[in-house]
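Q: I am new to this structure and would like a short tour. Could we begin with the overall fold and then go into the details?

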Amino acid sequence: MKLKLPNIKHTTSEEAEILSQIRNAKTREQGYARLIEMYSRKIYWQIRRIVYDHEDSDDLTQEVFIKVWLNIKNFKMRSSFSTWLFRIAYNEYL
């Protein structure tokens, strides 16, 4: 069953597909793996610009994806998914 996502005008088709996979219990882990593959380097380097230590940046990147896993159900589609994700990263390194 394909999940219909409301108001995805700010979200790319690939992001929408990943979100659909994550929200489906049968494909959740596959979608989450795609999400990490798509964004982990970008998130890491966003954090690394502020946190100069590799280990700390790596730990914070992992924390970001844990928060995404725990809070994906709260994503309201009011902004693009990447904006939401990078805001979590920003809040995490503050």
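A: The protein has four helices and zero strands, where helices (H or I, at least four residues) and strands (E, at least two) are DSSP runs, numbered from the N terminus. This is a predicted model, in which local features need pLDDT of at least 70, side-chain atom pairs count only at pLDDT 80 or more, and totals for chains, interfaces and linings use all residues. Residues are numbered from 1 along each chain as its sequence is written, and side-chain values use heavy atoms, with hydrogens and water left out.

Q: What pattern does the protein follow along the sequence?
A: The pattern is α-α-α-α.

Q: How much of the protein is made up of buried residues?
A: Buried residues make up 38% of the 94 residues. Buried means under 20% relative accessible area, exposed over 50%, and partly exposed in between (1.4 Å probe, protein chains only).

Q: How do H1 and H2 pack?
A: They pack at an angle of about 145°, and their axes are 6 Å apart. Axes are lines fitted to C-alpha atoms, for helices over the stretch in contact, and angles run from 0 to 180 degrees between N-to-C directions.

Q: Which residues meet there?
A: Among them, Glu 14, Ile 18 and Ile 22 in H1, and Arg 28, Leu 35 and Tyr 39 in H2. Contact means heavy atoms within 4.5 Å.

Q: What about Leu 35, is that one buried or exposed?
A: Leu 35 lies in helix H2 and counts as buried, at 0% relative accessibility. The C-alpha atoms of Leu 35 and Ile 18 are separated by 6.6 Å, although the two are 17 residues apart along the chain. Not counting residues up to four places away in sequence, Leu 35 touches Ile 18, Ile 22, Ser 40, Phe 65, Val 68 and Phe 81.

Q: Which residues touch the most other members of the largest nonpolar core?
A: Of its 22 residues, these are Leu 35, Ile 43, Ile 47, Val 64, Val 68, Phe 81 and Leu 85. A nonpolar core is a set of buried Ala, Val, Leu, Ile, Met, Phe, Trp, Tyr and Cys residues joined through side-chain atoms within 4.5 Å.

Q: And which elements give two or more residues to this core?
A: They are helix H1 (13-23), helix H2 (28-48), H3 and H4. H4 gives the most, with six residues.

Q: Changing topic, how many aromatic pairs are there?
A: A search of the whole structure finds eight. Rings of Phe, Tyr and Trp (its six-membered ring) pair if their centres lie within 6.5 Å; planes under 30 degrees apart count as stacked, over 60 as edge-to-face and the rest as tilted. Phe 75 and Trp 84 form a tilted pair, because their ring planes are at 45°, with centres 5.1 Å apart. The rings of Phe 81 and Trp 84 are also tilted, at 40°, with centres 5.5 Å apart.

Q: Why are Phe 81 and Trp 84 separated by about one helical turn?
A: Because they are three residues apart in helix H4 (residues 81-93). Phe 81 is buried, with a relative accessible area of 1%, and Trp 84 counts as buried at 17%.

Q: Which residues form one aromatic cluster?
A: Tyr 39, Phe 75, Phe 81, Trp 84 and Phe 86 do.

Q: Last one: where does Thr 61 lie?
A: Thr 61 lies in helix H3 (residues 54-71) and is buried, with a relative accessible area of 6%. Leaving out residues up to four places away in sequence, Thr 61 touches Ser 40, Ile 43, Tyr 44 and Ile 47.
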